[in-house]
Amino acid sequence: MEPDTYPLAQWMEIALEEAHAAPAHGDVPIGAVVVHLPTARVIARRHNERERNNDPTAHAEILAMRDAAGTNGGWRLADHALVVTIEPCPMCAGAAWAARVPLLVFGAADPRAGAAGSLYNFAVDPRLNHAAQVKGGIRGEEAAELLQRFFDDRR
């Protein structure tokens, strides 16, 4: 599986659309999609809902993977990609690892909490029993700008 053969920018566009919906209910603008790789079809799309649901685990990635597992009929997402506007945190990277996601795509790096190469690297840690390919920087400037505007507006 070569990440460059997939329409990553198109998938990220959908994740960015989701991210734009989050501030309407006070959430940080992060969006995620789960794509079934054999068909290149987006099967789940979500945005952060921590504030909306008063749930610390309601990150876009977690919600999208839950929906995808329901659509898939099982927790293993071994032929799916997770596409997210910002590098996943340890919780979300761990969930992607647990779901056996083979391709993790993100927009903006997160040097303070990123767990797919910036601060930690759950995707390729040899101590774990599953590794994923990681492709970062896909429309990363747009994703970073969206986050920056959100936080600037709140200050």
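How do the residues lining the largest pocket divide into nonpolar, polar and charged? The lining splits into 13 nonpolar, three polar and six charged residues. Here Ala, Val, Leu, Ile, Met, Phe, Trp, Tyr, Cys and Pro count as nonpolar, Asp, Glu, Lys and Arg as charged, and the others, Gly among them, as polar.

A quick note before you click on: this is a predicted model, where local features need pLDDT of at least 70 and side-chain atom pairs count only at pLDDT 80 or more, while totals for chains, interfaces and linings use all residues. Residues are numbered from 1 along each chain as its sequence is written, and side-chain values use heavy atoms, with hydrogens and water left out.

**Stop 1: the pocket**

The largest pocket holds about 540 Å³ of space. Select I86, D110, R112, L147 and F151: of the 22 lining residues, these are the closest to the pocket's centre. A pocket, on a 1 Å grid over the protein atoms alone, is an open set of points where a 1.4 Å probe fits, with protein on both sides within 12 Å along at least five of seven lines; lining residues have an atom within 4 Å of a point. The volume is the space filled by probe spheres set on the points, which are joined across faces, edges and corners.

Now colour helix 5 (residues 140-154), which gives the most to this lining, with four residues. Helices (H or I, at least four residues) and strands (E, at least two) are DSSP runs, numbered from the N terminus.

**Stop 2: D110**

Stay with D110, in the loop between strand 4 (103-108) and strand 5. D110 is buried (under 20% relative accessible area; exposed is over 50%, partly exposed in between, with a 1.4 Å probe and protein chains only). D110 has no salt bridge, and R112, the nearest side chain of opposite charge, is 4.9 Å away. A salt bridge needs a side-chain nitrogen of Lys or Arg within 4 Å of a carboxyl oxygen of Asp or Glu. A polar atom of the D110 side chain does lie 3.3 Å from the backbone nitrogen of A113.

**Stop 3: two positive phi values**

Most residues other than glycine have a negative phi. Select R139, in the loop between strand 5 (133-135) and helix 5: its phi is near 55°, and R139 is partly exposed at 24%. Then jump to N54, whose phi is about 50°. N54 is exposed, at 69% relative accessible area.

**Stop 4: H59**

N54 sits in the loop between helix 2 (50-53) and helix 3 (60-72), where you'll also find H59. H59 is buried, at 13%, and its side chain reaches the backbone oxygen of P56 at 3.5 Å.

Methods:
Lys, Arg positive; Asp, Glu negative; His and termini not counted. Polar contact = N/O pair within 3.5 Å; in protein donor to acceptor, adjacent residues only side chain to side chain.
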